[in-house]
Amino acid sequence: GVRADVITYNTLVSAAGRAAQWPAAVRLAQRMAAEGIPPDVVTYNALIAAAQRAGEPEEAFDVLDRMRGAQVAPNGVTYSSLVAAASVRGQWQRAAAVVREMREAGHPPGTVAYTALIAACGRAGRCDEALQALEEMRAERVRPNAATFSAVLSACARRGRWEEALQALRIMDEEKVAPNERTLSAAVAACGNAGEAEEARRVFTELRGRGVRPNMMGYNALISAHAAAGQVAEAFAAAAQAEAEGLEWDLVTGNALIAACARARQWERAFAVFRDMVEERGLHPDTVTYNALISACEKGGRWREALAALEHMRRSGVPPDTITFNALIS
């Protein structure tokens, strides 16, 4: 038969990588070696990308070691893929080290590498480092894109850094990058997580007015912002608006609405939302759902209903946590 060459194998390894099939990519590389075909930089890059997509950063860095052992020099694509691999698990220091090494090796980091670095910082809760990476990127005349700003805003959201989130939106305008639904969700969440419900609503309305069509994640960020502020009517109005736009509630929506009811001591309404979630929408409550429901009962002085919720939780096989028991004890 026709003997496969390095190009054929690279195509196959890349296809396995795109499908996040790390074991298949490894088997192909082993077959390649058995046939005496030496892997090239494209092969190694495809293997690193496969490990990254499969969420296996250690495997990605093992490939780099093998690459160096075979005296194949990494290129810009190699380094960018390694930053992305470190980013998957929020290994921000490792991602930063790769960006430094990339620069020293004469491969200036581009948009992909910087975006992955910012995402790594965000996942690790290192908002200052994410903002610093954005500054560095701009100082080096590397143009951020929508994914970059989504990563910056997500980093701000994790820490409730709403003022920095608004500043990132201003920079986005300066860079002439159009906001999208992910940008909207993260910016609204940053305001909501800081307890700035009015600011969350303002950002939501402004970006919507600029043509961004919010998805359910964006609406959930707004509902959660109102819920955290105890603004029950506004939370339910946002949920109704989402449905009017043809979006379907998910677990986060229901949990936020029950939490809003709990803050307002509306235990009966909390149970109504719970029944709607389970009976009408086919959602499966989790620990967060039951904790919010028990909290609503506790705040309303309804200990029998709280115990009934706990029993329902037990029968559903949902594990209680410290918050569950604290709510019951209080």
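How far is the sulfur of Cys 261 from the closest cysteine sulfur, and in which residue does that closest sulfur lie? The distance is 11 Å, and the partner is Cys 297, too far for a bond. Please keep in mind while reading that this is a predicted model.

## Cysteines

Let's stay with the cysteines for a moment. A disulfide is a covalent bond between the sulfur atoms of two cysteines. A search of the whole structure turns up 0 disulfides. Cys 261, with its closest cysteine sulfur 11 Å away in Cys 297, has 0% relative accessibility and counts as buried.

Cys 127 is the other case to look at. Its closest cysteine sulfur belongs to Cys 156, at 4.0 Å. A disulfide needs the two sulfur atoms to be within 2.5 Å, so the 4.0 Å between Cys 127 and Cys 156 is too far for a bond. Cys 127 is also buried, at 3% relative accessibility.

## Salt bridges

Now to the charged side chains: the structure holds 19 salt bridges. One of them joins Arg 94 to Glu 58, with the closest N and O atoms 3.1 Å apart. Arg 94 belongs to helix α6 (residues 92–104) and Glu 58 to helix α4 (residues 57–69), so this pair ties together parts of the chain that are 36 residues apart in sequence. Both ends are partly exposed: Arg 94 has a relative accessibility of 27%, and Glu 58 has a relative accessible area of 44%.

What separates Arg 315 from Glu 311 along helix α18? The two are 4 residues apart in that helix (residues 303–315), which means about one helical turn. Arg 315 is exposed, at 57% relative accessibility, whereas Glu 311 is partly exposed, at 30%.

Arg 302 and Glu 305 form another salt bridge, at 3.3 Å from N to O, and Arg 302 is partly exposed with 32% relative accessibility. Elsewhere, salt bridges link up into a network made of Asp 173, Glu 199, Arg 202, Glu 206 and Arg 210.

## Aromatic rings and nearby charges

A pair of aromatic rings is described by the distance of the centres and the angle of the planes. The structure holds 3 aromatic pairs. In one of them, Trp 267 and Phe 271 have ring centres 6.2 Å apart and planes at 85°, so the pair is edge-to-face. Both residues lie in helix α16 (residues 267–280), 4 residues apart, or about one turn of the helix.

The charged end of Arg 269 sits over the ring of Phe 236, 3.8 Å from the ring centre. Arg 281 places its charged end over the ring of Trp 249, with 3.6 Å to the centre.

## Annotated regions

For "domain: PROP1-like PPR", an unreviewed UniProt entry lists residues 18–163 and 164–248. Over residues 18–163, the chain is 74% helix and 0% strand, and the end C-alpha atoms are 37 Å apart. Residues 164–248 are 74% helix and 0% strand, and their end C-alpha atoms lie 31 Å apart.

Notes: Residues are numbered from 1 along each chain as its sequence is written. This is a predicted model: local features need pLDDT of at least 70, side-chain atom pairs count only at pLDDT 80 or more; totals for chains, interfaces and linings use all residues. Side-chain values use heavy atoms; hydrogens and water are left out. Buried means under 20% relative accessible area, exposed over 50%, partly exposed in between (1.4 Å probe, protein chains only). A salt bridge is a side-chain nitrogen of Lys or Arg within 4 Å of a carboxyl oxygen of Asp or Glu. UniProt positions are given in the numbering used here, feature names are shortened, and annotations may be inferred rather than shown by experiment. Rings of Phe, Tyr and Trp (its six-membered ring) pair if their centres lie within 6.5 Å; planes under 30 degrees apart count as stacked, over 60 as edge-to-face and the rest as tilted. A charge sits over a ring if NZ of Lys or CZ of Arg is within 6 Å of the ring centre and within 35 degrees of the ring normal.
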